[in-house]
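Hello,

Here is the structure I promised to pass on to you. Please have a look at it first, and then read my notes below.

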Amino acid sequence: MVDIQSVITKHHFMVDGNGDPMRLDLALSCYLKDMSREQARRFIQIGSVWINNKRVQVLSKPVFPGDEVVLYRGRAGFKKYYEIDPNNILYQDEHLLFYRKEPGIPTQALICDNYNNLYAALLRYIKANHGIPYLGMHHRLDLETSGVIVFTLSKGINRSIHYQFKDHRVKKSYLALVAGTPQFNTKEFTSYIGRQNGRYVCSLKGPGKIAVCQFTKLIERDKVTLIRAEPQTGRTHQIRLQLAFLGQPVLGDPLYGQGHTEMFTRTMLHAEQLSIIHPIHKKELIIRADLFEDMRRLIGDVSL
């Protein structure tokens, strides 16, 4: 699985002259070599085009002399390839929606694409099928990470969900396939996660923010081990960084492990379970997402 951001190309131009404004779709076809007007329209509609650092998806949007127009072309171009699978909706009521995110799908828009992502696809689905015009996002999963993610369907509960995440009251567990055999059965690991030379790093003494996670060894299969990770803090790439620091990087991880292989075509990390207090009913709501086949076939048919 290729990193989407690594295959984005940038095409930009400044609108010249002192005349009347020009339609955006016409300007793209005029200024960019080999760009037809129909292609320009499809790039605009998918959200690839920006005017003066603002995304524009209106074909007739006027551009004026001096405007900077940028087209970001992703690997899939203007292809619309992703819609949600209703079977992956794990729970829905009038306030909340939990979804089993597929691996390889962005949680939210990319700079080159405002269509093929979970947030946009879910919003299309609930508008078309339930007449719900609102979808609130409070956390994300990395591109290659699969599993359970929650969205709000009414603005009135946003404050409650926001503070549950902010105060680390949301309970989360992940499943990770790692290289080798850990020397522990259960381990609570505390470290610091910070940035160094533009990258996130894990260390025992800092600098950075404290990161705490409980790791439990579940299954061993031919030099591959399934680990459950229960983070008590929500640092960026926390589980991947901490497991790599402990000598058991997540298989397929291109940043902190050995990267993709024929067998491990993505980062083998899955958000297994999410637990929140329902803002209306005031009871704990525990939602679980089954593994996808790419991880399941490596550990066999076992009950977790």
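Strand 7 (residues 89–92) and strand 8 (residues 96–101) form a hairpin with 3 residues between them. Helices (H or I, at least four residues) and strands (E, at least two) are DSSP runs, numbered from the N terminus. The two strands run antiparallel and are joined by 3 bridges; two strands count as paired if DSSP finds at least two bridges between them. Gln 92 stands opposite Leu 97 of strand 8.

Before I go on: this is a predicted model, in which local features need pLDDT of at least 70 and side-chain atom pairs count only at pLDDT 80 or more, while totals for chains, interfaces and linings use all residues. Residues are numbered from 1 along each chain as its sequence is written, and side-chain values use heavy atoms, with hydrogens and water left out.

Strand 8 also has a partner in strand 10 (residues 146–152): 6 bridges join them, and they run antiparallel. Phe 98 has Val 150 of strand 10 as its bridge partner. For a charge to sit over a ring, NZ of Lys or CZ of Arg must be within 6 Å of the ring centre and within 35 degrees of the ring normal.

Next, helix 4 (residues 158–166). Its buried residues are Asn 158, Ile 161, Gln 164 and Phe 165. They cover an arc of only 135° around the axis, so they lie on the same side of helix 4; the arc is that of the directions from the helix axis to the C-beta atoms. Arg 159 and Lys 166, on the other side of helix 4, are exposed. Strand 8, strand 10 and strand 16 (269–277) are among the parts that cover the buried residues, where contact means heavy atoms within 4.5 Å.

You will also find 12 salt bridges, each a side-chain nitrogen of Lys or Arg within 4 Å of a carboxyl oxygen of Asp or Glu. In one of them, Asp 25 meets Arg 41, with the closest N and O atoms 3.2 Å apart. This pair links helix 1 to helix 2 (residues 37–46), 16 residues apart. Asp 25 is buried, at 0% relative accessible area, whereas Arg 41 is partly exposed, at 29%.

Another salt bridge joins Glu 83 and Arg 124. Glu 83 lies in the loop between strand 6 and strand 7 and Arg 124 in helix 3 (residues 118–130), so the pair ties together parts 41 residues apart in sequence. The charged end of Arg 124 sits over the ring of Tyr 115 as well, 3.5 Å from its centre.

Best wishes

Technical notes. Buried means under 20% relative accessible area, exposed over 50%, partly exposed in between (1.4 Å probe, protein chains only).
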